[in-house]
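Please walk through this structure one part at a time. The text below takes up some strands and then a pair of helices.

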Amino acid sequence: MKCPRCESTLYRKNGRRNDKQNYLCKNCGKQFLEPAFPRSLENDLLANSNGHPKISIPETRELSLVKNLSEEKVTEKSLSSFSFTLAEELLQTILSPDWLESAVFSQLIQKFQQKTEIQHQLETGISLLLLDAENLKLDINSELFLASICKYPLQVKMAFANWRNQSIGKQDIELYNRGYQLVHVPEGKDSADAKMIALGACILRSYPTAKEILVCSSDGILIHLCNELQNQGLIVYWVRRQGQSLHIENRNTGKLTHYSLSMATEVPSFEKVVEQIQDLIKNEQDSINARLHSLAAIASLFQERCNININYNQKQPQIEEIISLPEELSTECIQQEKQEDFAKISDGETLDKFLLKIIQHLQINSPKTKLSVSKLGTEIQKITGESPNSIIKKLKLGSNFTKYLESSPTFTLKASGKEYEVTPLLCK
């Protein structure tokens, strides 16, 4: 008899169940009952409890043939003459539709599948998490991060605490909904730690496929459990809380990983931070270079367009001057004309005409600017090269330019602050 889980022959009696002997496997801890029918394979396959046949007639012939063959003394000569017939009948029986649809074939396939699943679990392995709920609280994000560190899937999670303690609150409901096995311990100092050590030290007896284990507690006494699990060949992660971060230490390699509880993300190492900063600087430099190239291309196109406009504008003023500007508005012509008019001044009447032309020219160039006596005097001096007062005295028209304008019937003066505004009477 073998264990139905691991097929080990190492087992012991473990009481009775339903008037049947119960056994406990020493290798994997599986409990199983003794076979219900300790008869030969042929009788078990040929009839059930009601006496009805379980397999077809060809299958019965095959079993009888194999049984008779095993009981007889087969010589080399008889074996050579009989082996071909036996192989042919066995193949016809196994490949027949009745055999493929029989219960025996289904049981055989199921047994192969069970062996395959057990072998797959032994090869892949699982991860376990032991949590001291009185010492450390793990939210769902922290748990997912711890699962991402493990190489094997996190399938077993256990939480240890005195669940009657009101300070824990509803943490038991939350953990239970997340698939934790809740282990209750009585009230007392380090009770949860002691239970974790006792159960964790023999964890391989209940979970032989375990490869990695997460010991989640900040209590230093659990270092003994970590050492024991390492000695049993497990990969051990010791998870402790320091401030607002979790420190995950791989006890096998000494590698430290940090997780921020407030930001719900891994805290990168100094080397990784430097690498990220260098990547950011490089990306920014590439972006700046790309924008500079684009700007240079735009500037080149703009320069080409400006050259076209400049060439166009260089010719345009000449055309406009020829077509639209009257000759008398040309600056040189105006200056020359004013000088000729000044040479003809001999009395007050000719002086007034000369002043009217100057005022008209100033109003055309600056229509919104108020014309003061000082501004008019400055313009006269530019044209004639003499001051207005000297011209007035030379023509014997008064003592100064301002008094002449006040006495002239052609102009009127209006006080504007400290200045006088000159207005021709014809423009009022």
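This is a predicted model: local features need pLDDT of at least 70, side-chain atom pairs count only at pLDDT 80 or more; totals for chains, interfaces and linings use all residues.

β9 and β10 form a hairpin with 5 residues between them, and Gly-254 in that turn has a positive phi of about 80 degrees. Residues are numbered from 1 along each chain as its sequence is written, and side-chain values use heavy atoms, with hydrogens and water left out.

The pairing of β9 with strand β10 (residues 256–260) is antiparallel and runs over 5 bridges; two strands pair if DSSP finds at least two bridges between them. Within this pair, Ser-245 stands opposite Ser-260 in β10.

β9 also pairs with strand β8 (residues 235–242), to which 6 bridges join it in antiparallel fashion. Arg-240 stands opposite His-247 in β9. These two strands form a hairpin as well, with 2 residues between them, and Gly-243 in the turn has a positive phi of about 70 degrees.

How many residues of strand β9 (residues 245–250) are buried? The count is 6 of the 6, so β9 is largely enclosed by the rest of the structure. Buried means under 20% relative accessible area, exposed over 50%, and partly exposed in between, with a 1.4 Å probe and protein chains only. Both faces of β9 are covered, with Ser-245, His-247 and Glu-249 buried on one side and Leu-246, Ile-248 and Asn-250 buried on the other.

Another set of strands forms an open antiparallel sheet of 3 strands, in the order β1-β2-β3. β1 (11–17) and β3 (31–33) stand at the edges with a single partner strand each, so one side of each has no neighbour in the sheet. The twist averages 35 degrees from one strand to the next. β1 pairs with strand β2 (residues 20–25) over 5 bridges, and Arg-12 stands opposite Leu-24 in β2.

Now to the helices. The axes of helix α13 (residues 348–365) and helix α14 (residues 373–384) come within 11 Å and cross at roughly 110 degrees. That makes α13 roughly perpendicular to α14, a term for angles of 65 to 115 degrees. The contact (heavy atoms within 4.5 Å) involves Phe-354, Leu-355, Ile-358, Ile-359 and Leu-362 of α13 and Leu-376, Glu-379, Ile-380, Ile-383 and Thr-384 of α14.

Terms used:
Axes are lines fitted to C-alpha atoms, for helices over the stretch in contact, and angles run from 0 to 180 degrees between N-to-C directions. Helices (H or I, at least four residues) and strands (E, at least two) are DSSP runs, numbered from the N terminus. Angles under 35 degrees count as roughly parallel, over 145 as roughly antiparallel, 65 to 115 as roughly perpendicular and the rest as oblique.
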